[in-house]
Amino acid sequence: ADRVEEAERGGSAEALVCGELGVRGHRCIAAVMDFSFLGGSMGAVVGEKLARACERCVDKGLPLVVVTASGGARMQEGVLALMQMAKTVVAFEAMHDAELPTVVVLAHPTTGGVWASFASLGDVTYAEPGALIAFSGPRVIEQTTRETLPDDFGRAETQLAKGQIDAVIDRRDLTGRIARVLAILDRPTGLDPPPA
């Protein structure tokens, strides 16, 4: 409770902020993680907010843009935090079923239960240069295995080389890249669907 109160004094109410916005004229719902709030950890509120953002996308026919920065599931919430992994995967599946695109941007770090759930499920997945993207960080793995990992372990560039992400994009170029993707994936409204 003390850590939550301290985090709230920083100005945020939770580790995820959601809103409807335009990216160079293309409407979308954005869900952005705030690492300064308890390490961007995913607890029950974060899972619920992301699920509701996906529901709103489906209701309005809008794409979802997610920016992640997280140490993973919120350990203080125990199994409730772990349940959010399944909840967010189901929410992304609803987006898929509605044929609505999801764009995920992986900021530093994106680890643990966030990477092991929704953060790895984007239709298009970008990462910022040098971002750590892994289930466990190298320090934890080295302490457990007593082996030294390569310097580039879990870094965005390594994940790109291994096919886990689509591109490594500098933050200054993200708006243009996301706008271009949304333009390509935009579905015209008011047109009859093609014959079956």
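Trainee: Let me start with Thr-110: in which strand is Thr-110 found?

Mentor: Thr-110 is found in strand S4, residues 102-111. Keep in mind that this is a predicted model.

Trainee: What makes Thr-110 count as buried or exposed?

Mentor: Its relative accessible area is 0%. The label "buried" needs a value under 20%, so Thr-110 is buried.

Trainee: Which residues is Thr-110 in contact with, leaving aside its neighbours within four places in sequence?

Mentor: Thr-110 is in contact with Thr-68, Ala-69, Ser-70, Trp-115, Ala-119, Leu-132, Ile-133 and Ala-134.

Trainee: Why is S4 called largely enclosed?

Mentor: Nine of its ten residues are buried, so the rest of the structure largely encloses S4. As for its pairing, S4 runs parallel to S3, and the two are joined over six bridges.

Trainee: Now to charges. How do you know that Lys-60 and Glu-20 form a salt bridge?

Mentor: Their side chains meet at 2.9 Å, N to O, and the rule asks for a nitrogen within 4 Å of a carboxyl oxygen. Lys-60 lies in helix H2 (residues 44-60) and Glu-20 in strand S1 (residues 16-23), so this pair ties together parts 40 residues apart in sequence. Both ends are partly exposed: Lys-60 has 39% relative accessibility and Glu-20 has 34%. Glu-20 and Lys-60 also belong to a network of salt bridges that includes Arg-27 and Arg-56.

Trainee: How many salt bridges does the rule give?

Mentor: The count comes to nine.

Trainee: Which residues does Glu-48 form salt bridges with?

Mentor: One partner is Arg-52, at 2.7 Å, N to O. Glu-48 and Arg-52 are both in helix H2, four residues apart, which is about one turn of the helix. Another is Lys-87, whose closest N and O atoms with Glu-48 are 2.3 Å apart. Lys-87 lies in helix H3 (residues 79-97), so the pair with Glu-48 ties together parts 39 residues apart in sequence.

Trainee: What makes Arg-52 exposed, and what is Glu-48 called?

Mentor: Exposed needs over 50%, and Arg-52 has 54%, so it is exposed. Glu-48, at 28%, counts as partly exposed, and Lys-87, at 31%, is likewise partly exposed.

Trainee: Why are the buried residues of H7 said to be on the same side?

Mentor: The buried residues are Leu-174, Ile-178, Ala-179, Val-181 and Leu-182. They cover an arc of only 165 degrees around the axis, which puts them on the same side of H7. They pack against S1, S2, S3, S4 and S5. The face turned away from the buried side carries the exposed residues Arg-172, Arg-180 and Ile-184.

Technical notes:
Residues numbered from 1 in each chain as written. Predicted model: local features only at pLDDT ≥ 70, side-chain atom pairs only at ≥ 80, totals over all residues. Heavy atoms only, no water. Buried < 20%, exposed > 50% of the residue type's maximum accessible area, 1.4 Å probe, protein only. Contact = heavy atoms within 4.5 Å. Arc of directions from axis to C-beta. Pairing = 2+ DSSP bridges.
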